Amino acid sequence: MKAPRPRTTLASLCLGLAVLAVQGPARAQSEPYKVFDTRPVFTEGPFLSALSDTSVSVVWMTDAPSHAKVVLRDGDTVREFEPQVDGLVPVGQRHVVTLEGLTPGKRYSYEAVATRVVRLKPYWPDKGLSSSSAPAVFTTFSPQQKRVSFSVVTDTHEDTARITRLMKMVDWAGSDALLHLGDAFHWIDSEEQLWAKWLRPTVAALGPGKPLLFARGNHELRGAYARQLAGYVPTPEGSYYYARSMGPVHLLVLDTGEDKADDTNVYARLNRTVPYREAELAWLRAHAASSTHLASAPFRVVAMHQGDWGWLPDNGVAWTALANQARVDLVIAGHDHAFSYHPPDQTHAYHRLILGQDQLARIDATARELTVRILSDQGALVHALIIPARD
Ligand SMILES: [Fe+2]
């Protein structure tokens, strides 16, 4: 049977809508669509995730659906970064804007801007007004910077008092970044938990200008919301594992996955970390073979959650061999909830340092030496390690 002929053509419908909109009563400002007198409120952030020498992801939340952009200033040069996904500008309450093509070692100022979308109709969506964050400054890492300092915590496990206590101990003026080595959670159930139990107290200390670098822990693979985590701690690369060129340190942030085999019954066949870790290892191998900064930097540091590489079918033999071959100097990890230090031995050509749950590590590196100082949450020195640069 033939479909009935439409009474109006698409063209006449468009024209009709256009006339309606132009004649609509709530049109504000000079926009040709309806703009209501309502602005989004910034409820979380903005903060900087996974800063590199040329990129960073800016993350924040608004109380109502909005679209987002970041205005970046560098002296008199102004650039706007507005994301799109498959050709559409994202509209939501969580905003991620990745800034790319930045200059290494440069100081930038940025503002996060959110514009309210009141009703997302097919044509003539109703909009609202914009809100901006206060201008904040950050400096990109650089392979050429003379020194680098960063602070490290791990296994905060939803204890916000612990987070606040440790964050108060950080020398923010002297830290280029905060590194969290994973297990911020027991498991992840919701967006509110992500903010309340980790990101909110962390970002309160970081502010909008110091970057958070995150190595995923085994507990972050668990729970109904675990699959959404990457949207809250995004990386410009879109991956939980990545490398950073920070002057004297070439930092490798790795994802050590789960602590049990994929076919362990508790996972009910929902884990497939074996191919994931194989892809990660292939990336690390290719990176170690091609990165000029890895080859030339005075120090190579691996930051990851499980100090023994996590559960792997070969117990991590291939990873240890690659780390030795890549001349890794230091592995810093967590997971054990207690401090331990293991000097290089017959198997490992690198120092291994396991940070405890209520401890803060500060890593400082120059071209000549890398220093790690680990403090208890009472400020007592737990351990100091000085690694001289190789000849
Ligand atoms: Fe863990």
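**Figure 1. Asp-74 and Lys-106 meet in a salt bridge.** In this predicted model, Asp-74 is partly exposed, with a relative accessible area of 23%. Lys-106 is partly exposed too, at 27%. Their side chains meet at 3.8 Å, N to O. Asp-74 belongs to strand 2 (residues 56-74). Lys-106 sits in the loop between strand 4 (92-99) and strand 5 (107-119). The pair therefore ties together parts that are 32 residues apart in sequence.

**Figure 2. Further salt bridges include Asp-126 with Arg-119 and Asp-259 with Lys-260.** The structure holds 22 salt bridges. Side chains of opposite charge can pair when their charged atoms come close. For Asp-126 and Arg-119, the closest N and O atoms are 3.0 Å apart. Asp-126 is buried, with a relative accessible area of 1%. Arg-119 is partly exposed, at 46%. In the bridge between Asp-259 and Lys-260, the closest N and O atoms are 3.1 Å apart. Asp-259 is partly exposed at 29% relative accessibility. Lys-260 is partly exposed, also with a value of 29%. Elsewhere, salt bridges with shared partners form one network. Its members are Asp-159, Arg-162, Arg-165, Asp-358 and Asp-377.

**Figure 3. Four residues coordinate the iron ion.** The donors are Asp-183 (OD), Asn-218 (OD1), His-305 (NE2) and His-335 (ND1). They lie at 2.0 to 2.3 Å. The angles between the four donor atoms run from 85 to 174°, so the arrangement is irregular. A tetrahedral site would need all angles between 85 and 135 degrees. Along the sequence, the donor residues follow the spacing D-x34-N-x86-H-x29-H. His-305 is buried, at 0% relative accessibility. His-335 is partly exposed, with a relative accessible area of 23%.

**Figure 4. Phe-47, Trp-195, Tyr-225 and Tyr-232 form an aromatic cluster.** Ring pairs link these four residues. The count for the structure comes to eleven aromatic pairs. The ring centres of Trp-195 and Tyr-232 are 6.4 Å apart. Their planes stand at 75°, so this pair is edge-to-face. Trp-195 is part of helix 3 (residues 191-206). Tyr-232 belongs to the loop between strand 10 (211-214) and strand 11 (242-246). The pair therefore ties together parts that are 37 residues apart in sequence. Trp-195 and Tyr-232 are both buried. Tyr-232 also pairs with Tyr-225. That pair is tilted, with 6.0 Å from centre to centre and 50° between the planes. Tyr-225 is buried, as is Tyr-232.

**Figure 5. Two arginines place their charged ends over aromatic rings.** Arg-94 sits over the ring of Tyr-232. The charged end of Arg-94 is 4.9 Å from the ring centre. Tyr-232 is also a member of the cluster in the previous view. Arg-277 sits over the ring of Trp-319. Here the charged end is 4.7 Å from the ring centre.

**Figure 6. Residues 152-338 carry a domain annotation.** An unreviewed UniProt entry lists this span as "domain: Calcineurin-like phosphoesterase". The span is 31% helix and 18% strand. Its end C-alpha atoms lie 14 Å apart.

**Figure 7. The backbone has a cis peptide bond at Gly-45 to Pro-46 and positive phi values at His-157 and Asn-315.** Omega of the cis bond is near 5°. Pro-46 is found in strand 1 (residues 42-49). His-157 is not a glycine, yet its phi is positive, near 45°. His-157 lies in the loop between strand 8 (148-153) and helix 2 (160-169). At 9% relative accessibility, His-157 is buried. Asn-315 is not a glycine either, and its phi is about 60°. The loop between strand 13 and helix 6 (317-325) holds Asn-315. Asn-315 is exposed, with a relative accessible area of 65%.

Technical notes: Residues numbered from 1 in each chain as written. Predicted model: local features only at pLDDT ≥ 70, side-chain atom pairs only at ≥ 80, totals over all residues. Heavy atoms only, no water. Donors = N, O, S within 2.8 Å, 3.2 Å for Na, K, Ca; no water. Tetrahedral: all angles 85-135°; square planar, octahedral: opposite > 155°, others 65-115°. Buried < 20%, exposed > 50% of the residue type's maximum accessible area, 1.4 Å probe, protein only. Phe/Tyr/Trp six-rings, centres within 6.5 Å; stacked < 30°, edge-to-face > 60°. Helix = DSSP H or I, 4+ residues; strand = E, 2+ residues; numbered from the N terminus. Lys NZ or Arg CZ within 6 Å of the ring centre and 35° of its normal. Salt bridge = Lys/Arg side-chain N within 4 Å of Asp/Glu carboxyl O. UniProt positions renumbered as here; feature names shortened; annotations may be inferred.
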